[in-house]
Amino acid sequence: MTQPEILDAIRSFVNETRQNKGLPAITVQESTALLGGDAGLDSLDLAALVVELQSATERDPFEQGFINFTTAGELAELFAGVRA
């Protein structure tokens with residue numbers, strides 16, 4: 001998957017999760033904070049997102065240990081292999 005495709009998957013996940021929580025959809029930008037921000041995700045939601053992206057991309061950027069990220073764009077970069 002390309003970085004834009006991964007970002008689209010993140011957008012879909014965020015808004016599906018928000019819908020399940022009874023929250024309105026938002027516009028997810030590359031700068032959208034995933035945890036503790038406008039996305040409205042908690043730590044379990046974020047873990048589920050990472051697992052979903054691992055399955056979709058067949059990549060695990062955290063195989064060698066945790067890499068810090070805070071935004072949708074940073075997470076998309078990690079899974080696209082753009083950021084190490």
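Select Thr57 and its contacts: Met1, Ile6 and Phe79 all touch it, leaving aside residues up to four places away in sequence. The model you are looking at is predicted.

Keep Thr57 selected and show its surface. Is the residue buried or exposed? Thr57 has a relative accessible area of 13%, so it counts as buried, the cut-off being under 20%.

Now extend the selection to residues 43-57. This is helix 2, and Thr57 belongs to it.

Next, switch to a cartoon of the whole chain. How many helices and strands are there? The count is three helices and zero strands. Followed along the sequence, the pattern reads α-α-α. The radius of gyration is 12 Å, close to the 12 Å from the globule rule for 84 residues, so the chain is as compact as a globular protein of that length.

Turn to contacts across the chain. Take those between residues at least 6 apart in sequence: 48% of them join residues at least 24 apart.

Colour by burial. Of the 84 residues, 36% are buried.

Then draw the accessible surface of the chain. Its area is about 4900 Å². Carbon and sulfur atoms account for 48% of that surface.

Last stop: the charges. Select the 5 positive and 13 negative ones.

Key. Residues are numbered from 1 along each chain as its sequence is written. This is a predicted model: local features need pLDDT of at least 70, side-chain atom pairs count only at pLDDT 80 or more; totals for chains, interfaces and linings use all residues. Side-chain values use heavy atoms; hydrogens and water are left out. Helices (H or I, at least four residues) and strands (E, at least two) are DSSP runs, numbered from the N terminus. Buried means under 20% relative accessible area, exposed over 50%, partly exposed in between (1.4 Å probe, protein chains only). Contact means heavy atoms within 4.5 Å. The radius of gyration is taken over C-alpha atoms; the globule rule is 2.2 Å times the number of residues to the power 0.38. Accessible areas come from the Shrake-Rupley method with a 1.4 Å probe; for residues, only the protein chains shown count as cover. Lys and Arg count as positive and Asp and Glu as negative; His and the chain ends are not counted. The place of a charge is taken as NZ of Lys, CZ of Arg, CG of Asp or CD of Glu.
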